[in-house]
Amino acid sequence: MNYESFVKEVKKGVEEIIHKKLDDGMVVVREVLKNNNIRMQAVSIVREGEQATPTIYLENYYLDFQNGRTVKNICYEIYETYLSSVNHLKMDIDIKDLSDFEKIKEIIYYKVINYEMNRTLLAKIPHFKFLDLAIVFYIIVSKDEGGQATALINNEHILGWEITPKELRDIAFENTWHKFPVVIKKMEDIVSEMILNDILGDESWTDAYDDEEEQDFISEDTEYGQYTYGELKGIVKEEIENLKADGVDMYVMSNTMKINGAACITYPNAVRDFAMEHNSDVYIIPSSIHEVILVPDVKYSMETINELIRDVNRRQLDPVEILSDHAYVYRLETGEIE
């Protein structure tokens with residue numbers, strides 16, 4: 001079964017479930033233009049009285065189908081995903097208020113995307129060029145620990161609000177800088193956390209303790225197998241240090257939400273302060289739209305780093321999340337990113 005036929009079968013299957021399980025509902029399949037001009041098929045269940053409904057993309061489900069999963073099983077998962085999302089969806093704003101700028105201006109933010117790869121999209125939305133990237137604007141409709149539901153701001157929005165792109169930019173800058181501050185961590189610390197989480201599984205011993213000092217004490221002395229947690233951290237840290245290539249220090253810059261965190265390179269003085277702390281020019285490696293890697297005291301050529309970025313983008317990264325195929329450099333002497 002080809003992809004087009006698969007989409008039709010999924011739509012039909014979800015419709016059958018809806019007719020059995022719900023009093024009303026319509027299944028809609030549409031093409032969604034995503035970041036980097038990626039077009040994806042998505043299914044939604046639309047019911048009367050609901051302000052919003054999840055957009056469920058079908059590409060990965062088709063891969064599951066090709067690997068032996070049945071259409072019926074996929075349809076039921078789509079239905080369950082819809083129910084779970086609707087039950088947990090907490091709207092930060094009434095959809096009807098989107099036309100009232102005063103009611104939504106506090107939830108307007110910005111992110112950075114690739115300029116050339118998004119020319120079709122940029123023709124329809126307010127934006128500002130930054131290097132070879134574009135600063136674009138969005139509203140957070142709802143959010144929870146699992147992520148955010150957002151709506152991109154288009155040219156019709158600012159016409160209806162009767163504001164200029166500059167006014168939109170100033171509000172988005174203030175909101176984003178204030179609500180999603182910069183977080184910079186050493187790469188080895190992040191990798192250590194990932195390894196420890198895999199080792200420890202879902203155990204959440206900290207939940208039982210409210211006092212931070214007591215949490216710290218318990219965390220170091222809690223035993224996992226033949227090691228205490230403190231000993232385990234030391235072992236993992238030592239192994240990460242041994243693996244660190246050529247003694248190069250790498251740092252991950254993102255925001256507190258770890259979503260659209262590459263925009264942090266545009267925050268006032270964020271990269272400058274890092275460069276001054278290390279007294280060095282800094283390579284900025286765009287690992288995705290969600291974060292960048294900062295490398296002070298660079299020992300590699302730009303050509304080598306760019307080749308690595310291109311390889312990762314093509315082989316490992318979701319095309320929707322690609323930011324750029326090359327690195328940037330912050331020059332301490334000039335205070336500019338190039």
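**Rings and a buried serine**

Reader: Why is Phe-274 called buried?
Author: Phe-274 has 4% relative accessibility. Buried means under 20% relative accessible area, exposed over 50%, partly exposed in between (1.4 Å probe, protein chains only). So 4% makes Phe-274 buried. This is a predicted model: local features need pLDDT of at least 70, side-chain atom pairs count only at pLDDT 80 or more, and totals for chains, interfaces and linings use all residues. Residues are numbered from 1 along each chain as its sequence is written, and side-chain values use heavy atoms, without hydrogens and water.

Reader: What makes Tyr-251 and Phe-274 an edge-to-face pair?
Author: The whole structure holds 13 aromatic pairs. In one of them, Tyr-251 and Phe-274 sit 5.1 Å centre to centre, with 75 degrees between the planes. Rings of Phe, Tyr and Trp (its six-membered ring) pair if their centres lie within 6.5 Å; planes under 30 degrees apart are stacked, over 60 edge-to-face, the rest tilted.

Reader: Is Tyr-251 buried or exposed?
Author: Buried, because its relative accessible area is 10%.

Reader: How do you know that Lys-129 lies over the face of Tyr-115?
Author: Lys-129 is 4.5 Å from the ring centre. The rule asks for NZ of Lys or CZ of Arg within 6 Å of the ring centre and within 35 degrees of the ring normal. Arg-169 also lies over a face, that of Phe-128, at 4.9 Å from the ring centre.

Reader: What makes the link from Ser-324 to Tyr-328 a polar contact?
Author: Their side chains come to 3.3 Å. A polar contact is a pair of N or O atoms within 3.5 Å; within protein, one must be able to donate a hydrogen and the other to accept it, and residues adjacent in sequence count only if both atoms are side-chain atoms. Ser-324 is buried too, because its relative accessibility is 1%.
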